[in-house]
Amino acid sequence: MPTGESYRVVPTRPVDAVWHAALQISEPYTAACMEIAGHYLHHRPILTEAMQDGTAITYTLAALHRTGYLVDMEFWNGEAESCCPPNPPQPSVA
């Protein structure tokens with residue numbers, strides 16, 4: 001964000017379904033992460049207040065548009081979804 005704060009990039013329901021399918025084949029998923037993001041994108045599902053109030057999807061779409069890649073709104077037009085309940089246990093990051 002322009003303020004320097006960070007936020008979670010969140011998917012819509014159709015995008016989350018594709019992400020879960022992609023995670024099942026780790027080699028091409030890892031290669032795509034490196035090409036697109038420059039690092040591996042871990043799957044840490046959580047339901048946040050920003051997802052519930054629509055803020056997270058607004059930030060996610062803005063970030064996607066800034067990449068210069070085509071954003072197909074057929075798949076990104078909707079609410080952010082989480083495949084997990086609010087605040088599931090998260091791995092500690094060392």
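A quick word on the ground rules. This is a predicted model, where local features need pLDDT of at least 70, side-chain atom pairs count only at pLDDT 80 or more, and totals for chains, interfaces and linings use all residues. Residues are numbered from 1 along each chain as its sequence is written, and side-chain values use heavy atoms, with hydrogens and water left out.

Let's begin with the overall layout. The protein chain has 5 helices and 0 strands, and from the N terminus on its elements run α-α-α-α-α. Helices (H or I, at least four residues) and strands (E, at least two) are DSSP runs, numbered from the N terminus. Of the 94 residues in the protein chain, 20% count as buried. Buried means under 20% relative accessible area, exposed means over 50%, and partly exposed is in between, using a 1.4 Å probe and protein chains only. As for contacts (heavy atoms within 4.5 Å), among those between residues at least 6 apart in sequence, 67% join residues at least 24 apart.

Now for the inside. Which residues make up the largest nonpolar core? There are 8 of them: Val-10, Val-15, Met-51, Ala-56, Ile-57, Leu-61, Val-71 and Trp-76. Helix α4, residues 55-66, gives the most to this core, with 3 residues. A nonpolar core, by the way, is a set of buried Ala, Val, Leu, Ile, Met, Phe, Trp, Tyr and Cys residues joined through side-chain atoms within 4.5 Å. As background, nonpolar side chains in soluble globular proteins tend to be buried together.

You will find Val-10 in the segment before α1 (13-23), and it is buried, with a relative accessible area of 4%. Val-10 and Ile-46 are 36 residues apart in sequence and 9.6 Å apart in space, C-alpha to C-alpha. Leu-47, in the loop between α2 and α3, is 37 residues from Val-10 along the chain, and their C-alpha atoms are separated by 9.6 Å. Leu-47 counts as partly exposed, at 21% relative accessibility.

Back in helix α4, please find Thr-60. Is Thr-60 buried or exposed? Thr-60 is buried, with a relative accessible area of 0%. The side chain of Thr-60 reaches the backbone oxygen of Ala-56 at 2.8 Å.

Next stop, helix α2. Its 12 residues should span 16 Å at 1.5 Å a residue, and its end C-alpha atoms are 15 Å apart, which agrees. The expected span is 1.5 Å times one less than the number of residues. After α2 comes Gly-38, whose phi is positive, near 85°.

Leaving aside neighbours within four places in sequence, Cys-33 is in contact with Gly-38, His-39, Tyr-40 and Leu-41. Ile-36 is also found in this helix, residues 26-37, but Ile-36 is exposed, with a relative accessible area of 58%.

Finally, the aromatics. Rings of Phe, Tyr and Trp (its six-membered ring) pair if their centres lie within 6.5 Å; planes under 30 degrees apart count as stacked, over 60 as edge-to-face and the rest as tilted. By this rule the count comes to 1 aromatic pair. Tyr-29 and Tyr-40 form that pair, edge-to-face, at 5.4 Å centre to centre with 85° between the planes. Tyr-29 lies in helix α2 and Tyr-40 in the loop between α2 and α3 (49-53), so the pair ties together parts that are 11 residues apart in sequence. Tyr-29 is buried at 8% relative accessible area, while Tyr-40 counts as partly exposed at 33%.

Key: Polar contact = N/O pair within 3.5 Å; in protein donor to acceptor, adjacent residues only side chain to side chain.
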